Amino acid sequence: MNVRSVGLGIVDTIVKVFLVIVAIMLISKYASLAYSYGYNIYNQLPASQYDTRTVTVSITDSMSVGDIAELLENRGLVKDKTLFWMQERFSEYHGMIAPGTYELSPSMTPDEIIGIMCASTIEADKEEAGN
């Protein structure tokens with residue numbers, strides 16, 4: 001065994017250990033992020049518990065849920081637009097947000113905000129079912 005093969009073996013081992021450490025760090029980071037999002041989808045907190053001011057928000061037909069989430073984040077009504085998008089996606093109101101102008105508050109939970117923006121769609125569905 002010569003010095004060159006021993007040196008290459010050591011370098012090879014160091015590279016493999018480095019790659020394993022990087023993989024463990026990435027898995028840990030993204031597992032933690034996934035857990036955080038999963039937990040917060042159902043454990044909804046308002047953007048600001050004590051801020052009871054109302055904010056007027058206008059939703060148009062052409063806006064996607066992502067656009068609405070970004071608008072709500074910019075207005076201080078939700079903390080995280082991606083989390084809001086997921087909360088809408090997994091809520092009972094998925095796909096029911098109606099265009100209109102709404103009075104919302106940072107003290108509302110995302111589910112309450114989504115419920116308000118879906119109220120006219122729910123009412124229309126009830127009327128349609130009644131006829």
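**The core, then the rest**

The largest nonpolar core in this predicted model has 21 residues, and those with the most contacts inside it are Val57, Ile59, Leu72, Phe84, Leu104, Ile113 and Met117. By nonpolar core I mean a set of buried Ala, Val, Leu, Ile, Met, Phe, Trp, Tyr and Cys residues joined through side-chain atoms within 4.5 Å. Buried is under 20% relative accessible area, exposed is over 50%, and partly exposed is in between, with a 1.4 Å probe and protein chains only. Two or more residues of this core come from each of strand S1 (55–59), helix H2 (65–74), strand S2 (100–104) and helix H4 (110–130). Helices here are DSSP runs of H or I with at least four residues, and strands are runs of E with at least two, numbered from the N terminus.

Take Phe84. Leaving out residues up to four places away in sequence, Phe84 touches Ile68, Ala69, Leu72, Val78, Pro110, Ile113, Ile114 and Met117; contact means heavy atoms within 4.5 Å.

A word on conventions. Residues are numbered from 1 along each chain as its sequence is written. Local features need pLDDT of at least 70 and side-chain atom pairs count only at pLDDT 80 or more, while totals for chains, interfaces and linings use all residues; side-chain values use heavy atoms, without hydrogens and water.

Now the whole chain. From the N terminus, the elements run α-β-α-α-β-α. The radius of gyration, over C-alpha atoms, is 24 Å, well over the 14 Å that the globule rule gives for 131 residues, so the chain is more spread out than a compact globule. That rule is 2.2 Å times the number of residues to the power 0.38. Along the principal axes, the C-alpha atoms fill a box of roughly 85 × 40 × 25 Å. Of the 131 residues, 27% count as buried.

Where is Thr54 placed? Thr54 sits in the loop between helix H1 (3–42) and S1, and it counts as exposed because its relative accessibility is 54%. Thr54 and Leu33 are 21 residues apart in sequence and 31 Å apart in space, C-alpha to C-alpha.

Glu70 lies in helix H2 and, at 38% relative accessibility, counts as partly exposed. From Glu70 to Trp85 is 15 residues in sequence and 9.1 Å in space, again C-alpha to C-alpha.
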